Structure formats: structure tokens, C-alpha cells
Amino acid sequence: MNQPLLRLRDIGKSFFGNPVLQNISFEMQAGQTIGLVGENGAGKSTLMNILGGVLAPDSGDMELFGNTYCPDSPRASARAGIAFIHQELNLFPNLSVAENLFLSHFPKKLAWINRSELHKRSQELLARVGLDISPGTKVQSLSAGQRQLVEIAKALGEEARLIILDEPTTSLTDHEVRKLFRLLRELQSQQVSMIYISHALGDVKELCDRILVLRDGQVVADKMAADLQIPDMIRLMVGRQLDRLFPESKSQPGESIVLEANRISQPGVVHEISFQLRAGEVLGLAGLMGSGRTELARILFGLEPMAEGELRLLGEPVQRLSVSQRINKGMAMLTESRRVDGLCTQDSALANLTMVVAKKFTSRLGWIRRRSLHSSASQMAEAVRLNLAEGMNQAVCTLSGGNQQKVVLGKWLLNKPKLLILDEPTRGIDVGAKFEIYALIDQLACEGAGILVISSEIDELMGICDRILVMSQGELKDELQSREFNRERILKSALHADAIWEGDV
Amino acid sequence: MNGIFKLLGPCVLVGLLGLCGCRPAATGGSNAAGSKPDGRLTIGVAFETLQTEYWVAGFEAIKAELTTRDAEVLEAIADSDPNRQLRQVRNFITRGVDGIIMVPKDAKSCIPAIRAANDAGIPIVLFNRPAGETDAVSVAIQADNFRIAKETTEFLLEQARKTGQKHKAMIVMGDLGDVNAIGRKDGFDAAVAGNQDIVEVVSRVPSEWNQEKAQAGVVNGLQAHPDISLIFTSSDFLLPSIVSALKSADKYHKIGESGHVILGGFDGDATTFKMLEEGYLDATGVQDVYFEAEQTVQAVMDLIEGKDVPPLIEDPGFVIHQGNMQEMAPRTWGANVR
Amino acid sequence: MLRIVRRIVQSGYLTLVLSFLYALLMAWAAPGFATLANATNIVDAMLPLLIVATGQTIVLMTAGIDLSATAIIALTSVVGAWIVTGDDGLLAEHPAATPIAILCMLLVGSLVGLGNGMCIAWVKMPPFIVTLSTMMLVSGLSEWMTQSRSIYNLPDSFLFFGKNIGVAFAIAVVVAISGQLLLTRTWLGASLKHIGSNPATARTSGIQIERGILATYAISGCCAAIASLLITAQLETGSPVQWENNLLDIIGATVIGGTSLFGGRANVAWTACGVLLLTLIDNSLNLLNLSHFSIMMAKGGVILLAAWLDTLRNRWEQQ
């Protein structure tokens, strides 16, 4: 058998102690097209970043054409013959197509750029990808699909031996997608090797020779496309056993409505979102990255504007209120990224815990009643089981991810919220801390708060929620009561790909 | 509580410093009295700025004079900041100088510094700029602006008389809040008053000691009165502006050429001396920096020895013109700073 | 080893220790340094600087900067002198002239600061360019008001604040302690810390960033006005260029103290240490008869060093 084009052995990578990739091994032959599928956070992007030289693996080794391959930069990977076509394209919009195509290797005559040669070779490349435009056209005047093709032409021009396509179809029209596929098939017939990453499972099955399914940083299936049906793919993507324990839910949704959203719209972000959240209810919001779930949460909390719609908290309209007014009314929100807008990482745990509530411990002259504030903060630290080796003055940046998240949660709980929005509450934290956070969520629900949880982990939502809403492309697509929880159905709605497997499931 | 302690820290430190200070102060008391073991005097020289040639020339002349008298010189330049100058004078006092020579920023803001020297019993002499009316005691050396300006103008009028025509004159005045500027204007007016038959002042340009304002004023004046044939400026540093205005009106010619405008100035800086040498300028009144420096140092020495010194010593200055140029050049600071 | 170095660099006492060592060195090297008279000189020079630097520290807490402080000193100096001066003053000889003048100075200082704050908080312009423009604008205004002339002949009731070092000391200490209490003990101070540490977090936590920023610049302007009172009274002159050249000293003293230019880390006690060290350097080099230029270079070097330490601390914290 001939030498494989690419061989990965035992690749592992972890961030802040959380394993993202574990023992990834696979081989691919020259001329093959491999599909890579998996849920958000399964490790696809990390793996591709390692191949593209953006990240270095913690363990394992890679071979390209039989040579050891360990790129230390994206340039190095490009030199080794790997072309990476991202979701966000890497062209210079203010330059011409020809200049973009030959940016790294202009045809030269002495020191001068050989214009006629540049023009001629650009035309050849554009012809190969079936683009009928002049090489002098500025990239900014091209459509998304045309730019995609220019990217591919660029990869061909650099004689890439392996082209990685990461979600190439997301911003394309149907017509452009068909055109792209025609081109990709042609490239396959010319023995160009590709790795194709997409959530559009039908596309993957149709286009690829072999499919790798990634879950929790591991390859859970490596099969020929013909042997793998779409429902199986979905099952493999999500289909782990409930290996994580969720605390037994003691909360019971009440009668009173905490939050009522009525036809909330913001152009380009969310469209006519309506739902109700009851006291004591834990409501899940599922959706892929970019589905508008985080944006919806930020709109509910007042961090982003909303163009239309009505929002009532405990019956009172709040859509015109500022963030701080909404907080005073009892809203709270744990944001998606605690480092960006959840914590002041250089400050102490005490300062962070008391950030929201200090105002309530302030005398009329503006003095903080430090003793009672301090004791409340200490009680809260205990209540959320915050593990502080150096006491309340320990800087938050020295804490583990789980403890940091507990600080954010504690900060909000001190304010006794009536509505708590949690965006990815367990991202990047260990299993033990996750369990504690689930328990806290349940406890808060028992106390009568309404809770909205956003998560990429469908298991998590199914484990802790009373009801799950599914979002896709800025709209609510599905609603599941706890008795109807079903991973495939959620993922299907989130992928918004009903058409592809209708009748299959 | 912690925060307050931290704040108290520096205060405590300063207190400690003071305590430390008490000990050397007891032994160093004789220092402050001025009798150094080697008998040399220490003089602090505090200049407001060194940004024009005139001050540099004065600074160098004073230092040279002090060195020839075997005195130690401490120097301080305040960079146009009267606050900094006050601190510098206080530092001189702390160092136990025997006398202080100061060029203040202006007549009034120097008074606290003079008072500080008075309180410490250290004589203080102001070079070229006297203090305003105050109870604080100082001695000042100052050019006799009125006299020098009058003599210079008289020389110009003499030249004018020789032409046998009646002349129209312009004066470029300084900042009229400055006693120097007023003295010079009054000197000019006094000279004109005695020669009404050959001269008429048609244009008075206020410059506020600002070159752009001077230039604009002269251009306007020349437009209104194209027949102006005599110009006196209250300071030489405005001459380049006047020359440029004359050039644009095509009135800049050497002495003896037709259309020459009789030009006179005040100060005697290097540019002016060059114009004199090249034959464009008729005369300029010179502040005798060397005389002033010598008198300043002499006054400090006299005060240290306890002699009586009049509160204002005037520098009579002199007029340098085409006729006495070679002879007076060595005494003209502008001829020596190039 | 690195840990020990870090501990020292990160502690707020570094500057105090340095000041003490430096003072010991200079007591030996500089003639006349260790005398009671000189200690008075040092404290005297520290006081106005400490007051303005307190305001600057509060601004730096929010990762802002107030470059207009010296211009506000000049403007309020002119305003105050213009009201009380015996030469055609607005309220010359009036018995209440001095208190009214002081009130007006504080008001003008705070209003200019508030103007800065509005541009920065509401219009969201960068503090650097806003306060730089304000500096020019306000300087021009004071020059125009006085036609570049100084104002003299201030009444004794006004000069009281400059003649008596005890009064000046009391004012400076009250301002500094109030500033410190504001930062450490009040809701506003806590908010400012969060705004400086991470404005995005402050926003999601319901802290009203705009109000906080408005307050800091107004306070800074007010501090500048108080300093201006001491300076004007001490010099017996209201001048449109009052303290023009001391901007770097103000920002330098806060940074030397350990207040971070990146925000979220500010302390008036540290600033007091920075003011002390900077004043000690200025005073001692003067006594050593170094020229004005070499003193400027020395101070510039020390401030650069402090800014470098700040960057270092910041990088360590990011890790």
C-alpha cells in the first residue's frame, strides 16, 4: 500500500486542564476526501487548528508524506502544502483577485512583478475553478460564493497537497453551493486531497469518501461514507450514555410567569421570538453556535438592542430599561465567557462577589457597610462551595475554571434574582464543579426563580431542564417538554436540516 | 484602616527626615552663617530662562565675573516657571548660600522668593528686572531704558536731519505692561518731542513682545503710510519681523541707497550687529551686559559685607552706530555671542 | 528568586522603601539635604502635587487619564485671582471676596472636569484626546482672559492659604485621605475599580459606567482647583501659565507610586509615596547643583522605569 498522505498518532490537547482532544489517530490516503463531523465543542476546530499550525498539540505526532510534520505557524503549514479555507475568508478585499492569488509568490522578472505572467496564470486558475471574472477585479466586489472559489483557486495555485474546508457552505446561496460542489467533485477526480468539515450532514455524506465522527475530543467512528447513514451519524455525534450525573431535580415549575417574551426581533440576529418562563422552571435553549441563542440572551438582559417586541418581567414591561435597572428588577445573567464580561480577573474574589450587590450595602452617603457586606459574601462563598486557598482576597485569576464560574454565580445569587439567564454555565469546568453548579441551579429554581439555560451540550440541557427550546438561524424551531426529550430531535432542529433526512428517522 | 496607615507612611517618613535634620542642622548652623572653612563665598544664580541670547550672555557674564572673584557658583534655571524658581531659591537658602542673584519671570511673582531670602537674611540682587512695589527688600540692576532709547532716537533723528527732508516715523512698541517697554517708548517720545520740525510719528505698532503681531502691525502701517522713512523698535528681537515687512513693501535698502528707511533698535543682539555691519541698520541702543553683570556681582558682594547699596542701579548703556561700530563692538554682547 | 522580585515589585510599599533608601543616600551626599529647613521645603513642594495627583489617581483607576489638570490649575488660578485682586478685581476689597473666589475656583475646576467626563462617558471619545484638547482649550481661555498677563495684588485673606504651611498641609492631607476613602470605602470607588479592571464585566453587572466616569473627571478637576488655590496663594500671583510644565510630575508621581495606567489598580497612599519620591529626587538633585536639564532627564528616567514596572506587573497578572 502506498504511503499515506497524512498520518496522525495519539494527538492530545487540553486547555486549562480540560482535555479537548484525546488520542486522535487517523490516516488519509492521497486523493481521498474525508468528512469531519461532530457537535460544537467536539474538538473539530481544535484539531484543524493543530493541522493548520495555529495550535501545537500537547502529545502525539503527525506525519505528512512520511515526513514528521510539526508546523509552528500557519505559514509553516502552508509551506508544507496544507491550505486552510476558513469560515471567515482570508482574502484582502482591497486587492485584486490576481494579487490575492499570488500574494505569497508573485511571478517575478528580476525584482519586478511580471504583470502579464500574473494575469495569464490567474486566468488559468480561475478557469480551473470555473470562475468567469477578470483577474483584475477587486475582491470586495465579489459575492461570498465567488470569494470561496477564489480561495480554492489560491490553494490550487499554491499547489496545496491537502485542502481543509471548514463550513464552506454557510454563507453561500443554493446556486453557489451547487457550483462549489461541482468544483469539489472535479478536484476529487484530479486526485486533490480534502478534509471537509460541516454541520450539513447530507452534504458530507454525498461528497466524502470516508467520514470521521468526533465526540468529546475523540474519534468515535471512522467509516466509509457508504456504510454510514445520517441517523447513525447523529447518534454517534450525541449518542453517549448519560455518563455524567445530574442531581435529582427537586424543583417544580410554578404557575406564575417570570418572563414573557413576545415577538422579539432584531434584524439579522433574532426573528419573532416568543416564549414564557415560569417561576421555578428551568428552561433550556439549544442551538448551534451562531444560531442566535447567545444574542437572544443578551437582548433579554439589555446588553444588545432589540428592534421590536415586548418583554415582561413578572408582568412589568422591561424592554426599555437599562441593564442596571433590569438587575434591580431581579434579572441576572451569567455570560458566555466569564473572562470577557463575567469577572474582573485581576481583582479579588471578594470584590467580584460583591460587585452587583455592594450598592445594597451602601449607606445614604455612599459608604459601604463593609462588615455586613463581607459576611454576606463569605456566606455566599460557602453556599456555592467556593474553594479559596488564600481567603476572600485571593485574585480570581488564580482560581480554577469551576471556582471562577462559582464566583460569577455567587455574584448574582447574592442579589437574589428572580430570573437567571445562564449562557454556557459549565463551559471549561470539571465534572465535579459541573455537578455542584447543576445543584445550585436546581436549588435556585426551588426557591422560585425562573432560569434560562443556554448550552451547546444537549445532554446537559436534558439533564437539568424542565423544557427545552431549540433555536436555529435566529428563530425558535422546536419546543420539547421533558417527557419528549430526544437528542436526535433536538440536534435535527438545531441543524435545521429536516429536508435531508425526512423519513429516515 | 490599612489604607490610612499606608497614607500615613509618607507623612511619618517626612517627619523622620525632619528629625534627622535636627542633628546636622545644629552642627551645620555655622554653614548657614556663610563663613566657610576656606573662606570662599557661595552665590546662587537663578535665571528664569535661558531661551534668548541676551540671557545666555548675561548668565555667562555673571558666572565669569563670580569666578574671577573666586566665588563658588550654584546655578538654577526655572524654565519660565515662577513656582519652580521659588523652590530653587529656597533650595539655595537650604544650601546656605551667601548671596543670591536672580532673574525673575516678572516683577510680582518673584516677591515670595525675595521674602524667603529676606527671612533667611541672605542678600538678593535682581539682574535686569526689578521687583514691583513690595515690602520685601532687594537690589536691582537695570538698564536705563529711557535714556538709552532717547539717545538712540536722537542719533536716528540726526541722520534724518542730514537728508534735509521731513520724515514720517513708526515705533514698534513692546508689552505696555512691562516697565522696560514703557521706558523705551517714553525715551523715543522725548527725543521726538525735541525734533518736531523734521519728524512726525504716524504709526505706533503695539507688539506685546510678539513677533507675529509686530509683523502684521508693521505691514499694515506701511500700507497706510507708504512714505514712512524712519522706524524704531523697542527690541531687536522684533527686527527680523520688521525687515520681512519692509522687504515685501520693497523698502529694505542699505544706508546711502535711495529709499533707505532709517532703522534703529534696542538691545544689541547678534542679528542686529550683523545688520549694522552690513549697513542696513543705522543704530541700536545697547544694554551693557558686561557692566550690568559686574555691577550685579559687586552689589551682592557689597551686601554680604554689610555695605549700603542703593535699591536700583542703572546701566547707562550706549548707542552703537555706523560711526563707532569698531570701537564699541567689544562691549556689545551681540558682537561676541556668535 | 523571581517570586521574591515579583513580591517586591507588586507590593505597594516598594516606592516607600525606595524613598527611604534614597533619602538616606542623599542625607549623606547632598549638602543641606538633611536639615529641618529642607524637610519643610520638601513637604511644601509635595502638597499641591499630592492634591492634583490624588485626582489623577482616581481618574487612572478607570483606565482614564486627565491631561488637562495643569490647564485647570492655571484657569482656576486666573479665575480666583481675577475675583479677589486689589487691581480692579471683580470683588476687590469685598469682605466675602476670598470665600466666593475659592467657591468659584472649585466650581470652575469641577465644571471643566465634568465637561471632560461628558465627552468621555457619553460621546465615548478617548480620554487622551479629550483631555488633551481641553488642556489647549482651557489654556487658551486663561491666556485670553488675562491677555497673557499675570494678576497680582491678592488680599491677605487669600494669601493665608499659601503663607502657612500648616494650613496647606491640613488641606492636602484631608484631600488625600478623602480620595483614599472614596476609592476603598465607597460604592463609587468600588464601581470605579470594576470599570477600570474590566468595563465589559462592569456593564453586565449593572454598574453605571457613565456616571462613574463623569464623577472621576469632575473630582480630578476639583482637586486641580484646590491645588491651584495653594499654588496661587503661595506665589501671590494668578497666572495663565501656572504650573504649565508640571503635567508629567502629576502623572509620573501616580505611576511611580504603582497606580496602573491600565486601570483597576489605584491607591492614593501609593501616589503619596510617588509624590514623595519624585519630590525627593527633584529637591536633592537641585541641592547637588545639577542643571535643570539633568534633573528633567533623571525624573523622566524614573517615570519611564515606573511605567515599565507597571507593564511588567500587568503582564504577570495576565498570566
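**Notebook: a sheet, a helix pair and an aromatic cluster**

I first looked up the sheet of chain B, where 6 strands form an open sheet of mixed pairing, in the order β7-β6-β8-β9-β10-β12. Helices (H or I, at least four residues) and strands (E, at least two) are DSSP runs, numbered from the N terminus, and two strands pair if DSSP finds at least two bridges between them. At the edges I found β7 (199-206) and β12 (318-321) of chain B; each has a single partner strand, so one side of each lacks a neighbour in the sheet. From one strand to the next the twist averages 20°.

I noted that the model is predicted: local features need pLDDT of at least 70, side-chain atom pairs count only at pLDDT 80 or more, and totals for chains, interfaces and linings use all residues. Residues are numbered from 1 along each chain as its sequence is written, chains are lettered from A and ligands numbered from 1 in the order in which they are written, and side-chain values use heavy atoms, with hydrogens and water left out.

Next I examined strands β6 (residues 167-173) and β8 (residues 228-233) of chain B, which pair in the parallel sense over 5 bridges. In this pair, B:Met170 stands opposite B:Ile231 of β8(B). I then saw that helix α7 (residues 179-193) of chain B packs on the sheet and touches β6, β7, β8 and β9 (262-267) of chain B; contact means heavy atoms within 4.5 Å. The direction of α7 makes about 165° with that of β7(B).

I turned to chain C, where the axes of helix α3 (residues 36-61) and helix α11 (residues 209-235) come within 7 Å and cross at roughly 170°. Axes are lines fitted to C-alpha atoms, for helices over the stretch in contact, and angles run from 0 to 180 degrees between N-to-C directions. The crossing angle makes α3(C) roughly antiparallel to α11(C), a term for angles over 145 degrees. Among the residues in contact I listed C:Leu47 and C:Ile51 of α3(C), and C:Ile219 and C:Leu230 of α11(C).

B:Phe47 and B:Trp55 form an edge-to-face pair, 6.2 Å centre to centre with 85° between the planes; edge-to-face means planes over 60 degrees apart. B:Phe47 is buried at a relative accessible area of 0%, and B:Trp55 is buried at 7%, where buried means under 20% (1.4 Å probe, protein chains only). Ring pairs link B:Phe47, B:Tyr54, B:Trp55, B:Phe59, B:Phe127 and B:Trp333 into a cluster.

Note on methods
Angles under 35 degrees count as roughly parallel, over 145 as roughly antiparallel, 65 to 115 as roughly perpendicular and the rest as oblique. Rings of Phe, Tyr and Trp (its six-membered ring) pair if their centres lie within 6.5 Å; planes under 30 degrees apart count as stacked, over 60 as edge-to-face and the rest as tilted. Buried means under 20% relative accessible area, exposed over 50%, partly exposed in between (1.4 Å probe, protein chains only).
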